[in-house]
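Me: I would like to go through this model and ask, term by term, what each description rests on. Please set the values against the cut-offs as we go.

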Amino acid sequence: MIQNYEYLFFTDFCPQEHRHRYQFIQDLQFGLDVSIVLLTYSPGNNCGNLHFMWKYDDSEPIETAFQKSIPVIENVKPLLPQYHTRAMRKSLWSKYGLVAASVKPAVLRTLYQDLAGDSSAASNLDEAEIDRRVQLILDMEPEDPNTLIDLRALNSSTERSKFNVFWEYCAQVLEESVGTAVDDRRHSEVVHLAQAISVRDFRDQVIRHCPEGTPIPSLEWVRLQFWPKSKQSMTSMHYTGRLNVKFMVQRRQWRKYHDDAHYAAAIFRYQREFSVKFHDWINFVCVDDKHKIKVGEPGNPLAAVERGRRVLVHSGATFEVSDHDFSKFSIIPSVILLVDLPADISGSWYHGQVNVTLKEGAFEPSSPHRHSAELANFLISHGAADKPILCLYSDGGPDHRLTYLSVKASLISLFLFLDLDYLIVARTAPQHSWRNPVERVMSTLNLGLQCVGLARHPGNERFESEVKDCNNMNQLRMKAQKHSTFREEALDSVAPVKAVLTEVFERLKLKEKNIRVSSAASEGELMAVWKSLVAIDSNCSEYSRLRKKSDLKHAPAFHKLLSHCTRERHYFFEVKKCGQETCTICKPLRLSKDIFEQIKPFPDPLLGSDGHYLSFSDIYGSQTSEQHRPTLKKRSCKQKTLPFHGKIQHVKNANITVECEECGMWRLVYARKKLTMAQQKTLMSALDGMSFSCGSPLQDLEVDHELKDTVFVRNMNCCDPIEILYYTAEYEPICIYCGQLEPFSNDSSYPQCDSCKDKPAISRK
């Protein structure tokens, strides 16, 4: 119901015929049972009158009603159109047209209408069409100023066909590309164009087909020839639809919090400030593995990415491609970003040279040793191995976990092979890989992968028969052990896939620098890097011998080097020469003595009195410890509870264990009720895609709500021993303190390995 002094615009409710409208308004004043104020506004220009009305309390004096009506009238005024005379407009044009003689009358006319609020109609149809085009340009707010030129070119009949030749070649490129695209949502009549990664890439391809001298439109004008993403949006009226193509953009990923996030971020800042301090002698490298790319079987291509953005979409055909339900082969892209160091910490850390190494998942798997060899090859080929200091930053995944002995051994072999004077390696907090600058490269790589479907090349009949019997990578590796040629045949089968990905990635750029692509390190290159460690300790001849702490007793020289040259923390690891000329462990320095003496132990973040971590300059050179790491301080006070009293039956209901990626300890999964085979399969599949660390709840898994409310893990820390129920459930015996296999044990206590035998025995009750 309309309140007092709330206006109503009722012109639209009046009869159209002039006499009937007049009589309607006259009768309205006597036909209502409330008192009203009627406001009639005559704008002139043969537009007719505008009528407003509002009611007032007839118990009030008429003077009060008029006084309260003044604010209502003020609210109505902005809604009233203004119509200016030709003389008023001519005065503006004659005044400002002399200042900017090149400005067209249509632009001045639109400027006058916007600033003065003039609603006058155009004098003729031609003027109305010109005004519409000028307004279209202003409404678009284009990023590319060349768009204005493209649109203005359409005004003259001689320029109207300026880009016709280019559009014809666009159509040819589209026709050639249709039917070669991939999409993971194939339930509509669209096909994604596999030949163009972006609008720029599409235009570049068309330019290569065009004759020399063909007029080329701007990127923005090419984009406006596509179909709009949404036909209902206001921006859709700017698109011409000349090209039967859509351009879509992907969504960003979700981020999760961790208690050590601020602490690890402080370490990353210290590492960057250290790099700026030794700018002339240091390489700053960020590394990470992109999610594996699944490869389909011959004749059955798989989309290179499971979800993401659609690129260029043709609307006149259909295409089908297999889902990601199953694949036997995969390609793992390992990404290296050699950062162009800025002059200070406030500069950009996302510029530099990118290198992508393509590896087959079964026979060229990612490992700490392989990462070190491929990084060494990249630095040497890029001419960057001459710098004696290396800063390395990663997300701390299994291949970069700085607490693992295998990772430390690989980093030391890299240190020795490149003859570095100092190596500092840091990592992000768990679930915070997005902080790694190399993650910016992943979105660029995704740009190319959106439009690719992959299937390996068929091998000979015997090879295909053997592959048919395999269902996973382990079975493929077992086949390779039985048949000496199987590995090489498998690599030859996926070689064309690598060639396709190489061609796609090399077309991409990061900050105007082309991305480089290299092949996986060969066995000879792997051994060349590892031999630098074997030269220190011949007992390290096999890489697999350095897996756990107990292996150090078999490599005394390596153990001595580890104690002499390295310093370990949870979030960073450093290797440094001692600088003594008489040292039999370290090689001679490459840095000058005065520069080397400025390198101090890398600092641990320390909290200041204001609750923030101290700056790098305040603590560099002082003795620090991990005492301010949040997860370290919470170990003694963290509760280990379940929403129910955990018993052996709850463990058997799930019959699943999950390994912490931080400490390698196995944690039990508890279930309120016995899981079905389908639920177990769903849960195990979800756990495979989760980066689990001690204390992470299973409620973050992408499973249905019923399963989320059924399964749980205890809220534990990485320092906590294996749960007693693990042994009650009769799982494989492992050390209760570190989770290592083949532990030393007796009947009266729970298993302990040789490395943990000095710790208190936990007796069986």
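Reply: Two strands are said to pair if DSSP finds at least two bridges between them. This is a predicted model, and in it six bridges join S2 to strand S3 (residues 50–55), so the two strands count as a pair; their directions are antiparallel. One of the positions involved is Tyr 41, whose bridge partner in S3 is Leu 50.

Me: What makes strand S1 (8–9) and strand S2 (36–41) the edge strands?

Reply: The open sheet has three strands in the order S1-S3-S2, with antiparallel pairing, and the edge strands S1 and S2 each pair on one side only. Helix H2 (residues 62–76) packs on this sheet, where it touches S2 and S3, and its direction makes about 145° with that of S3.

Me: How do you know that strand S12 (residues 389–394) is paired with S13, and in which direction, parallel or antiparallel?

Reply: Six bridges join S12 to S13, and at least two are needed, so they count as a pair; the two strands run parallel. Within this pairing, Tyr 393 has Ala 426 in S13 as its bridge partner.

Me: Why is strand S13 (residues 422–427) described as largely enclosed by the rest of the structure?

Reply: A residue is buried when its relative accessible area is under 20%, and six of the six residues of S13 are buried, which is why the strand is described as largely enclosed. Tyr 422, Ile 424 and Ala 426 point one way from S13, while Leu 423, Val 425 and Arg 427 point the other way, and all are buried. In a regular strand the side chains alternate between the two faces of the sheet.

Me: Why is the pair of Phe 572 and Phe 602 edge-to-face?

Reply: The planes of Phe 572 and Phe 602 stand at 65°, with the ring centres 5.0 Å apart, and an angle over 60 degrees counts as edge-to-face, so the pair has that name. Phe 572 lies in strand S19 (residues 572–576) and Phe 602 in the loop between helix H19 (593–596) and H20, 30 residues apart; Phe 572 and Phe 602 are buried.

Me: How do you know that Arg 440 sits over the ring of Tyr 350?

Reply: The charged end of Arg 440 is 3.8 Å from the centre of the Tyr 350 ring, and the distance criterion is within 6 Å. Lys 576 lies over the face of Phe 596, at 5.1 Å from the ring centre.

Me: What makes the phi of Glu 512 worth noting, and is Glu 512 buried or exposed?

Reply: Most residues other than glycine have a negative phi. Glu 512 is not a glycine, yet its phi is positive, about 70°; it is found in the loop between strand S15 (509–510) and strand S16 (513–514). Its relative accessible area is 65%, and over 50% counts as exposed, so Glu 512 is exposed. Glu 730 also has a positive phi, of about 65°, and at 71% relative accessibility Glu 730 counts as exposed.

Terms used
Residues numbered from 1 in each chain as written. Predicted model: local features only at pLDDT ≥ 70, side-chain atom pairs only at ≥ 80, totals over all residues. Heavy atoms only, no water. Helix = DSSP H or I, 4+ residues; strand = E, 2+ residues; numbered from the N terminus. Buried < 20%, exposed > 50% of the residue type's maximum accessible area, 1.4 Å probe, protein only. Phe/Tyr/Trp six-rings, centres within 6.5 Å; stacked < 30°, edge-to-face > 60°. Lys NZ or Arg CZ within 6 Å of the ring centre and 35° of its normal. Contact = heavy atoms within 4.5 Å. Axes fitted to C-alpha atoms, helices over the stretch in contact; angles between N-to-C directions.
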